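Please open the structure in a viewer and keep the selection tool at hand.

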Amino acid sequence: MRTLPKVSVITTTYNDAGNLERIMDQVARQDYENLEYIIVDGGSTDGTMELIHQMEKRLPGQVRYLSEPDQGIYDALNKGIRLATGEIVGCCFDRYADEHVIRRMVQAMEEEGTDGVHGDLYYMDGERIVRKWHQGQGSIRTGWLPGHPTLYLRREVYDQFGLYRTDYRIAADYEFMVRILYRKQVRLSYLPEILIYMSHGGTSTNSLSAYLQSLAEGHRALRENHVPFAWFTDLCRTMRVLLQFVKK
């Protein structure tokens, strides 16, 4: 019987010890045994390293970390990917739906022989659902894309297509997904269930100006990846986002 592949889970952090402690607990609760946990710290001074050392004791032999200044979240993610030794790489910045999420994701990839997996997510304001991300399968051309926090990929995808572009400030994750998915060279499994509960108000959604910058960078990503009629994809993507918001 084939041993289930090693999964490398990456968390990036900087002077956010309280939130990091919550995220680390989420990873430690996963019931997937062949797990490597990578923490990339930007050189925190708030007790983050003490928490990381506690995590080393909780998951002996499974934790790797790096603490040094970086150029932002995408630079930190790239460092984590370079550190990763797992066959599958993903991230954790929020809350898994339950302790079996990684196991179900890996099983879907293994059973379907795909290059990665994604699923649904909820954006949360405390315990209130603000936005529901149910996109299923689709085409980048019509504004579809996976929920990035739910996207776990085989290491070979990064080897073939490269890492996140650090010249994007907000939308490097979108550019990366366009790059790997537009021409359908990467096949994904889809789990039609909530995998992640994500805190609303991230870098691209915490203000109107940030959202507009995200759209501008997204348009640039489409053009640089030679997606024709990028304005049409922009429009489709915006409509999909608007339909995700929950009425109060």
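**A tour of surface and rings**

Begin by selecting W231, which is exposed because its relative accessible area is 54%, above the cut-off of 50%. Please bear in mind throughout that this model is predicted.

Now extend the selection to F229, L235, M239 and L242. Together with W231 and F232, these residues make a nonpolar surface patch of about 660 Å².

The tour then turns to other rings. In total, the structure contains six aromatic pairs. Select Y123 and W133: their ring centres are 6.3 Å apart and their planes meet at 40°, so the pair is tilted. This pair links distant parts of the chain, since Y123 is in strand β6 (residues 116–125) and W133 is in strand β7 (residues 128–133), 10 residues apart. Are Y123 and W133 buried or exposed? Both residues are buried.

Proceed to Y74, Y158, Y164 and F176, which ring pairs join into a cluster.

The charged end of R220 is placed over the ring of Y168, 4.0 Å from the ring centre. Likewise, R237 has its charged end over the ring of Y174, 3.8 Å from the centre of that ring.

Notes
Residues numbered from 1 in each chain as written. Predicted model: local features only at pLDDT ≥ 70, side-chain atom pairs only at ≥ 80, totals over all residues. Heavy atoms only, no water. Patch = residues over 30% accessible without salt bridge, like charges linked within 9 Å, V, L, I, M, F, W, Y side chains within 5 Å. Areas by Shrake-Rupley, 256 points an atom, 1.4 Å probe, with all protein chains shown as cover. Salt bridge = Lys/Arg side-chain N within 4 Å of Asp/Glu carboxyl O. Phe/Tyr/Trp six-rings, centres within 6.5 Å; stacked < 30°, edge-to-face > 60°. Helix = DSSP H or I, 4+ residues; strand = E, 2+ residues; numbered from the N terminus. Buried < 20%, exposed > 50% of the residue type's maximum accessible area, 1.4 Å probe, protein only. Lys NZ or Arg CZ within 6 Å of the ring centre and 35° of its normal.
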